[in-house]
Amino acid sequence: MIVITTPTGDIGRQILDRLLGSGEAVRVIARDSSHLPDHVRTQADVVEGSHADPITIAKALQDADQLFWLVPPADFQDAKPARSHYLDFTRAAAREAASRNVRMVHVTSLGYGYGGEAGLLSAAFGMDELIESTGVQYRALAVPFFMENILRQAQPITQQGVFSMANTADRPLPTVATRDVAAAAAALLLDTTWSGQARIPLVGPDNLTPDAMAGIISETLGRPVRYEQVPLSGFQARLVQLGASPSLAREWAGMVDAQNNGIYDAEPHGAVCATGFRDWCRNVLKPAVRT
């Protein structure tokens, strides 16, 4: 029995596409089963509730062998520290999985061992340490910047020919596509041979700066697109204007600051994923911005 959290998220739904029909029993945890596609409701066992809830997680892990774990983003207006969000969400699942000998595959950030504060990424590392402390067998999929983050910029790319972030324009920013994370997770969930505790960095084959990304986006779309670096303070203020709590905006800015200071270089990694940024732009971004 393989249990999947966040079954409607970018990664969770792609894992389900790979697992359903594999011959393995699949169970999903969903707050509202009506949001699940019909084929998921008919082919998978569904447990309704939050995967942060101890009762829900205990029910979901009955007779389970593997658990895919992903902590959803905090509510935009949540003033609780990100570390508390990650730990509160994960504590019951890690302990329950350890007590039942259920192996965990979870998504976290690349850069473990970075010496400074890293906002949201530090919260993910705190989750990793909690999971490890329970003794549960796990594989931590350690990822850098998701290519899919650029999809949030589809409108300005289409209308103004620009995308903007607070990441340094001329510093390489390692990336990964969610489909590669889903493929790695599905393979581990179907593999019954691994044991122990380990981290697996997942990084795409490119090492592009945001300026270089803009060049590839321009070539793919056939029209000029430029990158605009915004000040970190302005980025943080803009998040608050959009409704984020001041504490969440501060931790988001802390994450970007750590990216600009090379956090992803703190953990050894190689180019282990197949999807390059150009291929992703052609197959994912271009259809999203087509007018």
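Predicted model: local features only at pLDDT ≥ 70, side-chain atom pairs only at ≥ 80, totals over all residues.

Tutor: Residues are numbered from 1 along each chain as its sequence is written, and side-chain values use heavy atoms, with hydrogens and water left out.

Student: How many residues of helix 5 are buried?

Tutor: Helix 5 spans residues 120-133; helices are DSSP runs of H or I with at least four residues, numbered from the N terminus. Buried means under 20% relative accessible area with a 1.4 Å probe, protein chains only. Elements covering the buried residues include strand 4 (66-69) and helix 10 (246-260), strands being DSSP runs of E with at least two residues. The buried count for helix 5 is 11 of 14.

Student: Why does A123 count as buried?

Tutor: A123 lies in helix 5 and touches A82, R83 and Y86, not counting residues up to four places away in sequence; contact means heavy atoms within 4.5 Å. A123 counts as buried because its relative accessibility is 1%.

Student: How far apart in space are A123 and M255, C-alpha to C-alpha?

Tutor: In sequence, 132 residues separate A123 from M255. Their C-alpha to C-alpha distance is 9.9 Å.

Student: Which residue just after helix 5 takes a positive phi?

Tutor: The positive phi is about 85°. The residue that takes this angle just after helix 5 is G135.

Note on methods:
Expected span 1.5 Å × (residues − 1). Buried < 20%, exposed > 50% of the residue type's maximum accessible area, 1.4 Å probe, protein only.
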